[in-house]
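This report describes a two-chain complex in terms of confidence, fold content, packing and selected residues. The sequence and structure are shown first.

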Amino acid sequence: MEPVFVKSLYHSPSLKILSRLDPPNNQQIFFPFPITFTSTPGSGTFDPYNKAKMPETPDPDTTPASNPLPPPSAFLHTPESIPYSSSPSIIHLKRDLLVPLSFQSNGAQAETHDARAAAYSSKGVLNTRFGDFPHSSIVGIPYGSQVRAAPRTNNEQNRKRKRMEDADEGETAEPVSTGFIHVLAPTAELWTASLPHRTQVVYMPDSSFILHRLQVRPGSVLIEAGAGSGSFTHAGVRAAYNGFEFHKERVQKLTDEIERHGLDGLVEIVHRDVCKDGFLVKRMVGEEEEDISPEATAVFLDLPAPWLALPHLTRRARPTPSLPTSTGLTPSPSPGPTTSVGKIGEAVRICTFSPCIEQVTRTVNVLRKLGWVDVEMVEIQHRRIEVRRLNPKGYEDGAGPRTVGEAVQRLKWIGEYREHKRKKNPADSTITTQQNPTEAWKTQNSREKKGAKDGKIVTRIEPEIKSHTSYLVFAVLPREWTVEDEAAAQALVKQTTKSVVNAPVDGNLKGNGKLKWKGETEERPISKRQIKKAEREKRKAAERRLKGEEAVEDKSGPPANEGEGEDVPGTECGNDETEVAG
Amino acid sequence: MSEERIHPYTHLLLRLPSGAPRVVRLVPDVTISLGKFGSFPSNALLYRPYNLTFDILDPPAAGLRLVSAEEVTRDILGGGEDAEAEGTGHYDLEIVGADSEEDGGEMMRTNKETIDDPLSQKLSWVEIEQLKKQGTGSGRDLIQRLLESHTAIHQKTPFALQKYTLRKTRKFLRRFTVLPLTVASLASYLLDTKEPIKILEMRNETIAVMLSLANVHYGGRYLVIDESGGLLVSAIAERLGLLEHMPSESELFKEEDNARKPCPDTPLPSANTITLIHPNEQPNLSLLKYFSYDTNNPTTSHPLHTHLRTLNWLQLVEPNDDSSLEKPNEIPAETLVTLKGGKRAAYWRKHRRWEKTSRIVAEAQKGGFDGLLIAAFMDLKGILRHTVPLLKGSAQIVAYSQSRESVIELADCYSATRKAEWINEGKEVADDEYGVGDPTIVLAPTIHETRVRKWQVLPGRTHPVMTARGGAEGVVFTGTRVLPVEGKVEARGRFRGQKRRRDDGGDSDDEEAGAGGRGGAMPTSPCKRVKMEV
């Protein structure tokens, strides 16, 4: 059983060990890239042959009871009610205004993650423009609850506010309004949205696509280099989490945030310049500490010069001789994130995230030289749409006339009114023979808003779109396939199959992408006798048909339109029809 | 892991040089035919790793040749990498010697001397066919011959020559790459070559966004409405770690026995599950067959067998009217003993099915789901009306729609004014038959639109690809299930500026303000009145 690690190269200004490196303004550190590997070996490897047993392994619902381990992070398992814990809850004030906040049981200053949240919260009370919310009124209720503001407390801020309001007359007469907030369970997206943007953040549209393409699944090992403010880390942990947590071997350098969020069994953070020092992790092997490969299957590089880190991501103990000389790299004996020799390795997928096209071309160039294949570059365009109703009275609809007819009508009225006014004796103000044009306008065009379903629905794009985030370069490093491997595979094939080399084309399973679409079951022989019989018949049929002809060639043609041919099996197979029947 | 090697009876995706994908189920001891690209024995792929590229050997021999990554890359680049190393940048620029001082030493080569002439290719169609038949070198020789017999080849700029070579390579090279059939590759395969309408034209980026926004992760319970043939279910299953499964030989051939045997009474897990609600009697999950799970004849060892539950809308909405939920008649034990074996088995089977179904329905109705994911043709409002109350507080709601309009209409149902109407005027007034029900239980409805733009990255020729797939834009609606407090709430805060308070009458979107008194004051002219309103 091999441990599974989730790796992350994490760099966060809140990291204590980094303070020495922090620029004076305490903003982002760009270099060197801290790596923080958090070891969370899940105890189970994903041995395909043991896979069937997987589902019975830890069940988040049942294990915490019997398990001495702390409950899983709120990011990964929503508790029934809001706990006193270091993991943040997301306070939803209004759309796009979210504050992360955690509640401490001792009534001390709540731990907040940025100055903004600290400003909101003091002495166990959350003060917002929507009212004051004592933490005690929030803790214990289920996540997702709407919380009404408490009557104003007599804290300093409110006293100040009151003084100001007292000065403003008439305001005191208005009853104190009670606003509300919603308290939400933390997710990677809400957390990112509530973050003060310390560094460039990998936003949801990018991170989701990256994780999808990198095939990060429960149990995967992911390396992230240049983690910025950790938004991708949270999304990555969510995808790689497989229910196992490992607490025995805590790495010393845990960052506050990951620990606070309860992800510290899952993320290992290492502070290091990966471009120089590579990706190996220190691990206790027996008595000695050794540099071993993290054996990752997915790599995400958010670095200014990803091509410098690429030579470290290799399977061989010695870097390839074809290293680009321009990078000025000294060959270092670091087997990369992949498996050691002798074990069947998996393909490694990589994604680099760089905003400039020059970075992309250089990265791709190096990737190609280092034997990565399927190099593809994409960019993601994402928009959020706002929906609203045109207000019949409002500005958007044009407070003026909405049609030419209306415009003409109104102009007529204005003329008539002017006439009426001119004729009217200024001394005699009581005579109003003609209706006021305003009133007429109002009655004729009933523009009063009646309800929520009035007015046309219109859409707009969010006020500011991210027209370019970064270019994403994807590539795959297939596993090494040596002559010995090939021989072993051939032996295995010989052992398990009938080793037919020139088998007839199997009509049903031809590799022409014409498997049926809809609920079609493949006609699979059900007993060994039947298989043999079918095999015999097929061979006979093929022999008959292929007599004199050379190797079986199948007409390919464009993909047949399935709609018509669907019900008749084998119609698109033409000459293979006989075999299909068998 | 399942990705490391090709195991028998798994589905794979073969990508041909033209980029066209083919899905193949790898059955040992058969020949896999790739049409004009030739055929090869399936055993040549068995137990080999994924992501490798192979050449198909020429007819007398049968088999595959492994192509090294360097060779693959060289063929993709078409010989351009050296030019870039020299720093010439674009290939149509020629560095002119020092004698021309004026224009910085660069001159553009044009195609003005090139004459388009179909006769410049000396090989005839028949000859090409002939060469293809006897073809050697997996098509490389043919390409070489084509280049040699092209009379105007020397007129081509290096750039044009590269493009010509690449085009011919795509057409004639008999080569393919083996890729694992994952949700991502399946989606792009179905979208490009199959009938995209059956998967609602869901693109990979949209699926990814849905999975992220719905906070899908291991251990959660998800409520799913999937009319895409199982694509959404398989995407979720992949994130829950439920797709990896190795069918063993014994299972493949003993399925009949399994069907006859009483189903082992496996306890249904209470977490890490997918609950699917389907509109027809049986769910359409045909795409799961690519992941070795057939809903009609399920493999009991597959993780999905226990972690995927299905029920239909009737069972959810009006369970009393569903005949399958009626308890089968109890037969007392004494009588049961006297029955024939087959009848007794049928009785128990019926009983067990009823138990399972009623448990699934009860579980679904109890609710407490961690997320809701929808990809459906059906009206979204009706779906949400019945499913949102089943969610846990703070659960995420994600709905996909092919068209913007239906999602926009949905988002409007949760607008602030609708919520206010619901709170103020009560259920009776605001509710309508086809609406979403209580709008206050969904917070922050948002619509996302996302699209991936592919780029071609070749030395000196980096640009976005010229054409991409059109069709349905595909939008995603998201919202959060919340638990509103009892009684009246006011969306009041101290955020209204003083400005707002001052012109009390002319409030644009405050409904109480509108009715109030402006009847008394008579503005002097319509124009002034208009200005005030603004």
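What is the mean pLDDT of chain B, and what share of its residues reach 70 or more? The mean pLDDT of chain B is 78, and 74% of its residues reach 70 or more; pLDDT is the predictor's confidence in each residue, on a scale from 0 to 100. This is a predicted model, in which local features need pLDDT of at least 70 and side-chain atom pairs count only at pLDDT 80 or more, while totals for chains, interfaces and linings use all residues. Residues are numbered from 1 along each chain as its sequence is written, and chains are lettered from A and ligands numbered from 1 in the order in which they are written.

**Confidence**

For the complex, the predictor gives an ipTM of 0.84 and a pTM of 0.76. Chain A has a mean pLDDT of 63, with 46% of its residues at 70 or more.

| Stretch | pLDDT | Contacts in the model |
|---|---|---|
| Chain A, residues 245-255 | under 50 | 31 contacts |
| Chain A, residues 317-344 | below 50 | 53 contacts |
| Chain B, residues 83-91 | under 50 | 15 contacts |
| Chain B, residues 495-534 | below 50 | 35 contacts |

Where pLDDT is low, the predicted coordinates should not be read in detail.

**Fold content**

Chain A contains 17 helices and 18 strands, and chain B contains 20 helices and 17 strands. Helices (H or I, at least four residues) and strands (E, at least two) are DSSP runs, numbered from the N terminus. Of the 582 residues of chain A, 40% count as buried; for the 534 residues of chain B the figure is 38%. A residue is buried if 20 or more other C-beta atoms, placed from the backbone, lie within 10 Å of its own, exposed if 12 or fewer, and partly exposed in between. Among contacts between residues at least 6 apart in sequence, 71% in chain A join residues at least 24 apart, and in chain B this holds for 68%.

**Core and helix packing**

The largest nonpolar core has 182 residues, of which A:F300, B:I236 and B:I374 touch the most other members. Such a core is a set of buried Ala, Val, Leu, Ile, Met, Phe, Trp, Tyr and Cys residues joined through C-beta atoms within 7 Å. Beyond four places in sequence, the contacts of B:I236 include B:L211, B:V216, B:Y222 and B:L373.

In chain B, helix α4 (residues 140-148) and helix α5 (residues 158-172) pack at an angle of about 145°, with their axes 10 Å apart. B:L142, B:I143, B:L146 and B:L147 in α4(B) meet B:T165, B:K168, B:T169 and B:F172 in α5(B).

**Two residues of chain B**

B:L410 lies in helix α16 (residues 404-413) of chain B. B:L410 counts as buried because 23 other C-beta atoms lie within 10 Å. Leaving out residues up to four places away in sequence, B:L410 touches B:L380, B:K381 and B:F477.

B:S68 is in the loop between β6 (64-67) and α1 (69-77) of chain B. With 13 other C-beta atoms within 10 Å, B:S68 is partly exposed. B:S68 and B:L223 are 155 residues apart in sequence, and their C-alpha atoms are 45 Å apart in space.

Notes:
Two residues are in contact if their C-beta atoms, placed from the backbone, lie within 7 Å. Axes are lines fitted to C-alpha atoms, for helices over the stretch in contact, and angles run from 0 to 180 degrees between N-to-C directions.
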